[in-house]
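Let us walk through this structure one region at a time.

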Amino acid sequence: LPHITVPLPSRNERCQFTLRPVTHSVGDFLEMLKVEDRGVDRAAVLNRDGVRIASACSVETLMDDEFWVHLNDTIHVRPPKRDRITSEELTRLGDVQALVAQLYEALNVSEHQIRKERELNSKLEELNEKLGPLEVKKTELDQKAARRTSMLTWVGLGLMSVQFGVLARLTWWEYSWDIMEPVTYFVTYGTAMAAYAYFVLTKQEYILPDVKDRQHLITLHKSAKKAGVNLAEYNDIKRKIAEIEHDLRRLRDPLYMHLPA
């Protein structure tokens, strides 16, 4: 590694700096000088022609030729001759750095995963404590909404039975089919209009299971509002719990942990 000895202006002493050709830059060298001597007002590196060398320039490039260091004064530096680092050596150095990074990951990944798993379990426990009371109230409201929805479906069946009985009575006892045929046509057409009106208002097709689910949700939200249950908070907690459980499954996955299954 190259060593540069520089006389510090305000301390009247010489200081030696060790530079790494590949990773250090001119800016790093100037920062080292300013840290060692707080009295340095102006620090710059110039080449032999007086052109300032950029801070991003590497030390390896800097050492290729003579240069001047300005520290409130001018210092001439003549670097010794040295062998340049070849591309093969740079590639080998990159491979070594990658290997060191892999070793560090292998040695520290287990500790990181354990710490992360404890953190997620702590959050999951806290969310489950918040969810408990809301879950009890939500279950009660669900049961109440299910009973009301079931009752409405039976009421609908009863009304259809009454309609059938009235039309049958008018057709076979009070009047005749010739009179009741237009009436039944308009009743059928009115039912179709009601189904289309449902689509216009709700933007949903009139399918009986969907109608039942919609009525269940309407009843549930009305009951929750009366009981003071915050369903938005309940849904947010459930979403966070699902995300944490997904993260825990990923942490415990042998493929994610780089372990054999």
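Start at Arg 148, which is found in helix α3. Helices are DSSP runs of H or I with at least four residues, strands are runs of E with at least two, and both are numbered from the N terminus. This is a predicted model, in which local features need pLDDT of at least 70, side-chain atom pairs count only at pLDDT 80 or more, and totals for chains, interfaces and linings use all residues. Residues are numbered from 1 along each chain as its sequence is written, and side-chain values use heavy atoms, with hydrogens and water left out.

Arg 148 has 41% relative accessibility, so it counts as partly exposed. Buried means under 20% relative accessible area, exposed means over 50%, and partly exposed lies in between (1.4 Å probe, protein chains only). Arg 148 belongs to a positive surface patch with Lys 144, Arg 147, Lys 222 and Lys 226. Patch residues have over 30% relative accessible area and no salt bridge; like charges are joined within 9 Å, nonpolar side chains (Val, Leu, Ile, Met, Phe, Trp, Tyr) within 5 Å. Helix α3 (87-174) and helix α5 (208-227) each supply at least two residues of the positive patch. The largest share, three residues, comes from α3.

A nonpolar surface patch of about 350 Å² is made by Met 151, Leu 152, Val 155 and Leu 159. Leu 159 also sits in α3. Leu 159 is exposed at 58% relative accessibility.

Now the salt bridges. Each one is a side-chain nitrogen of Lys or Arg within 4 Å of a carboxyl oxygen of Asp or Glu. The count comes to eight. In one of them, Lys 138 meets Asp 142, with the closest N and O atoms 2.7 Å apart. The two are four residues apart in α3, so about one helical turn separates them. Lys 138 is buried at 15%, while Asp 142 is partly exposed at 23%.

Glu 135 and Lys 238 form another salt bridge (4.0 Å, N to O). Glu 135 lies in α3 and Lys 238 in helix α6 (residues 231-252), so the pair ties together parts that are 103 residues apart in sequence.

Turn to the strands. Four of the five residues of β3 (residues 43-47) are buried, so this strand is largely enclosed by the rest of the structure. Strand β3 pairs with β4 (residues 67-71) in the antiparallel sense over five bridges. Strands pair if DSSP finds at least two bridges between them. Asn 47 stands opposite Phe 67 in β4.

Key: Accessible areas come from the Shrake-Rupley method with a 1.4 Å probe; for residues, only the protein chains shown count as cover. Lys and Arg count as positive and Asp and Glu as negative; His and the chain ends are not counted. The place of a charge is taken as NZ of Lys, CZ of Arg, CG of Asp or CD of Glu.
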